[in-house]
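Charges go first, then the fold, then the aromatic rings.

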Amino acid sequence: MATQITTPSVFHHAKRIQQSVSAAYEKRALIWMAERTPAWINSDHLTILGFAAQLLTGVAYAMSSHNRAWLVAGIGFLALNWIGDSLDGTLARVRQQQRPRYGFYVDHILDSIGSVALMGGLALSGYMSWLIAVAILILFLLLSIQSYLATYTLGEFRMSFWSFGPTELRLLLVAGNLALFRWQTVMHGHYKLFDFGGAIGIIAMAAMLLFHVGQNIVRLYNEERLP
């Protein structure tokens, strides 16, 4: 007997919260690009581009242990990842071709897989210790889970935390790649440059996670108080 698949008749869009430093400038740039994107390119093409570029960024980091020129290639892949990952949704909205459930699911599962590849590449590069890389990856995934749960329970999809979003993270990685050509260590050679930056990132991400989890728990408790 065939299984009947039912879909909800009404899909309620979650409120998108994007408060990163670059959000306003990025939105204008993406709309300009979407309006000029050739008709034969669709959102799925851009999603695939963004995912492939993120995987290749991880490969570039891993290969940079043999040749630092791969760090430059990594910058190029990060740029392609920004185009694919950021423009796919904007293109769908500009063309009135939105598939909110499909887009949300595909974008974020691919982001999670791509993040594993990227941090794995950093761990293999020799520029970041694997403990730091694993800690950053775990915190990133926990922040993602927190965001997805808030989307379901609160109807709010937070795309940035404390004025910091994916674009700012890419810019930090680009700056780090460029810095590695001059400095591989900091504090008189005692610490790897990416370990130092990663440790700061771990502290910031842990603080973000604790703050938003606590805030959401209190909010949900107050909204669903028992009589």
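**Charges.** I started by counting charged side chains in this predicted model. The chain carries 16 positive and 12 negative ones. I then looked up the centres of the two sets, and they lie 4 Å apart.

**Surface and burial.** The chain exposes about 14100 Å². Carbon and sulfur atoms supply 68% of that area. I also looked up burial: 36% of the 227 residues count as buried.

**Fold.** I listed the secondary structure and got 7 helices and 4 strands. Along the sequence I read the pattern β-α-α-α-α-α-β-α-β-β-α. For the extent, I took the box along the principal axes; the C-alpha atoms fill roughly 60 × 55 × 45 Å. Then I turned to contacts between residues at least 6 apart in sequence. Of these, 79% join residues at least 24 apart.

**Aromatic pairs.** How many aromatic pairs does the structure hold? I found 3. I followed up two of the pairs, both with F104 in them.

The first entry is F104 with Y148. The ring centres are 5.9 Å apart and the planes stand at 75°. An angle over 60 degrees counts as edge-to-face, so I logged the pair as edge-to-face. Which parts of the chain does this pair tie together? F104 sits in helix α4, residues 100-125, and Y148 in helix α5, residues 130-154. The pair therefore ties together parts that are 44 residues apart in sequence.

I checked the accessibility of both residues. F104 has 30% relative accessibility and counts as partly exposed. Y148 has a relative accessible area of 25% and is also partly exposed.

Where does F157 lie? I placed F157 in strand β2, residues 156-158, while F104 lies in helix α4. So this pair ties together parts that are 53 residues apart in sequence.

Is F157 buried or exposed? Its relative accessibility is 9%. The cut-off for buried is under 20%, so F157 counts as buried.

**Cluster.** Last, I put the ring pairs together. They link F104, Y148 and F157 into a cluster.

How values were computed. Residues are numbered from 1 along each chain as its sequence is written. This is a predicted model: local features need pLDDT of at least 70, side-chain atom pairs count only at pLDDT 80 or more; totals for chains, interfaces and linings use all residues. Side-chain values use heavy atoms; hydrogens and water are left out. Helices (H or I, at least four residues) and strands (E, at least two) are DSSP runs, numbered from the N terminus. Buried means under 20% relative accessible area, exposed over 50%, partly exposed in between (1.4 Å probe, protein chains only). Contact means heavy atoms within 4.5 Å. Accessible areas come from the Shrake-Rupley method with a 1.4 Å probe; for residues, only the protein chains shown count as cover. Lys and Arg count as positive and Asp and Glu as negative; His and the chain ends are not counted. The place of a charge is taken as NZ of Lys, CZ of Arg, CG of Asp or CD of Glu. Rings of Phe, Tyr and Trp (its six-membered ring) pair if their centres lie within 6.5 Å; planes under 30 degrees apart count as stacked, over 60 as edge-to-face and the rest as tilted.
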